[in-house]
Amino acid sequence: MLLEAQGIAKNYGGVRALKGVSFDLRAGEVHALVGENGAGKSTLIKVLTGAVEPDAGSIFLGGERILNNSPHHSRSLGLAAVYQQPAIFPHLTVAENIALVNETGGLARKVNWAARVETARELLKAIGADIDPEREAGTLSMPEQQLVEIAKALGANVRVLILDEPTASLTELETERLFTIVARLRSQGAGIIYISHRLEELARIADRITVLRDGESITTRQATETTPQQLVSLMAGRELATLLPKVTVPLGDVVLSVQGLSSVSAGVHGVDLEVRAGEILGIAGLVGAGRTQLAETLFGITPADAGKIRVKGSEVVVRNPEDAIAAGIAYVPEDRRRHGIVGDLPVRANTTLAILPQLSSRALLDQESERELATEWVTRLGIKTDGIDAPASSLSGGNQQKVAISRWLATEPKVLILDEPTQGIDVGAKAECHRIMCDMAAKGLAIVMISSELNEILGMCDRVAVMRNGHIVATVARAEATAESLLALALGHTS
Amino acid sequence: MRQRATAIAIFWAVLVAVLAFRAPAFFEFANLRDIAVVNAPALLVAIGMTLVILAGEIDVSVGSQFAVASVVAGTLAKAGVPLPLTALLTALAGACFGALNGALVSWLGVPSIVATLAAMAFCRELLRWVTQGAWVEGLPADFQWMGLSQPHGELAILLLAATIFAAFAWTLRHSQAGRAVYAVGSSRESARLAGLPVGGITLAVFILMGVLTALAGVLDSVRFSQVQSSAGAGLELKAISAVVIGGAAITGGRGTLWGTLLGASVLAVIAPALTFLGINAFWEKAIQGAIILGAIVLDRLSARRSGSGDKHAG
């Protein structure tokens, strides 16, 4: 056994990302790792490379336990990872990028530039990449950068190579070349951990496949003994949580209607959708399918270059967030720490940030009304805080999210877009967020919810739109949606 | 903030104790009044700097702006323009200067440290070239001391500075715009998503910075019969120091004008206190540096203790 991970557990706050996962890899093997978004694949990889310290569990390489793991340490042991987003230094040359991790010696040593370029040239040649080692790495295309990363890993005499969705941005030709490289590495005795959403390619390249779900390793099978359909059901199959209190309310008129919405720069293509009053429309899809980009286009962050947006029947032009707010569209973004709340400001200021003009007369803030309003929202949403004057950064994740939601509910929107509203918050806070959504839907709000959690989508939404590559590929009613069918649509496996 | 006020209060208490023992003459009314008058212009600049820093930017060109404003004010006064009009025109010049910085930062996205560094060098050199290094001399008597007798002039300067301070402190706390400045400095992206005009606010703080610096230039030049073209050298450091000592986060979003007032007061008394204590004035900069360093270390320590050390970073 080349690499063995035993009982790896990792919690982020209240969220259990990995619940005692074991995983092994033989020399000369390609072991694929599959699972839906948030299943724990990335966390497992980060634990293996030492980027994240596990709460429990141990890792053995060649029978020896790795202690005090760190990215530097794991690399020196011959463990290298190539991520979907290449981690290159864009202003350094290709040769320098490769040398940076592979050359040994102190910072004060004399650099042999000719040898450095020559080494890079040989490594690139070994993987059949036609890249000038003296080019600035930032000028390379994404696939070329990936090849540089692989060359980098080879240079370190890699024993374990981790490829995280390497083919996601590759053309067919480049994928073929990658497979050749992988096959060669395998024949040389290296072990390869291969993460991919393209299930059909696994049969070609993988020896074994492990399915992760909700931070647990579900099964490990021989690649030859499994089909993509089986994998999809293994990835998705699980009981619906009973926490979700979705209350069905009678639907009203169409509130938001979108036709042919495109933003080429953001990667949103020809989106049509409709949301009624009281309805919760879920948007499912893999990371990178264009869900957040769609929300940002609706909200005017990346204005649309084609298509129509109608709110309650009247067409609105959304060129920036101000236009969207004026049209009654509200958007609670995904990354609440960076985009949702303003950590330095007190809770009350966060609640009123989007309605300052309404709260002011002659540009002076009505602080009395602000306090009343903030107190009201803190009570209504059950926000746990030391008071409305406490800085928002002092609240827990779930309560920060409620503050972010309160800001947008305070604008009295007609359409509320929520992007991953319960990501990274604990179970209790999650249930409360769901309750709030149901309450608001019952009051006639039209809600669009983006979520990577199929459970949440299935539990909360009246209808689900599935996105892939910037398109809505299908819209499914709640009664007809299953985790499997949604995942198959998101992956492009319609059978 | 409360902690910062405590730290500054302790500094003052020690200073007062030492001075009371070694040089009681320091506390004579005339001396304290002189210190206040001399530092009033720097306070105006520090007010503007507080706004700029709260909005998450920085302006290192205030020294040059101050010099340009002083020379403009002096030249206008010499040409016989009445004082109120001189002040108004100078403020307008300052607004243009600030608008230039602001436009570079908010429209072209030039980092403020770079934009204002360029402006600092450019304007200083331009001024040197235009004036050929000559001072503006022989200012009319009715320009000096605001055309008043000396004591009245001093009173006018102090009142003006106090009024401007109070107006800004109040507005920053009670207006929609003040709230927006904090929001933009704390999280540009959140502010943009909340529909705030981030670019406009950035532009506005730079314009206010320019106007306040220009007024500071006027207040300073009325005290003398000539204007040096090298006026305002090092002013940017003094203003930024006052803001930082006053407890504002250099990354924006946190701080108050009252803190800046405390910071400015600390910086203002160092040099005269040294003189009174008979210590070589060369130590002033070293002590200033030590105080700034102390303030920042105090910040990091308290942030670490409350376990939010990195939450506010960046």
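**Exercise 1. Determine which residues of H4(A) are buried and how they are placed around the axis.**

Solution. In H4(A), the buried residues are A:Ala120, A:Leu123 and A:Leu124. A residue is buried if 20 or more other C-beta atoms lie within 10 Å of its own, exposed if 12 or fewer, and partly exposed in between, with C-beta atoms placed from the backbone. These residues lie on the same side of H4(A), because they cover an arc of only 100° around the axis; the arc is that of the directions from the helix axis to the C-beta atoms. On the other side of H4(A), A:Ala114 and A:Ala115 are exposed. The cover over the buried residues of H4(A) includes helix H3 (94–102) and helix H5 (142–155) of chain A.

The model is predicted: local features need pLDDT of at least 70, side-chain atom pairs count only at pLDDT 80 or more, and totals for chains, interfaces and linings use all residues. Residues are numbered from 1 along each chain as its sequence is written, while chains are lettered from A and ligands numbered from 1 in the order in which they are written.

**Exercise 2. Compare the span of helix H4 of chain A with the expected span.**

Solution. Helix H4 of chain A comprises residues 113–126, which is 14 residues. The expected span is 1.5 Å times one less than the number of residues. From first C-alpha to last, H4 of chain A reaches 20 Å, close to the 20 Å expected. Just after H4(A), A:Gly128 has a positive phi of about 70°.

**Exercise 3. State the secondary structure of chain A and of chain B.**

Solution. Helices (H or I, at least four residues) and strands (E, at least two) are DSSP runs, numbered from the N terminus. Chain A has 18 helices and 22 strands. Chain B has twelve helices and zero strands.

**Exercise 4. Describe how the two domains of chain A touch.**

Solution. Chain A is divided into domain 1 (3–236) and domain 2 (254–491), with bounds from an automatic or database domain assignment. The contact takes 13 residues from domain 1 of chain A and 14 residues from domain 2 of chain A; two residues are in contact if their C-beta atoms, placed from the backbone, lie within 7 Å. Helix H8 (residues 228–236) of chain A gives the most to the domain 1 side, with four residues. The centres of the two domains, taken over C-alpha atoms, are separated by 35 Å.

**Exercise 5. Characterise the contact between chain A and chain B.**

Solution. In this contact, 25 residues of chain A meet 22 residues of chain B. Elements giving two or more residues to the chain A side include helix H10 (321–326) and helix H11 (336–340) of chain A. By class, the chain A side has 15 nonpolar, six polar and four charged residues. Here Ala, Val, Leu, Ile, Met, Phe, Trp, Tyr, Cys and Pro count as nonpolar, Asp, Glu, Lys and Arg as charged, and the others, Gly among them, as polar.
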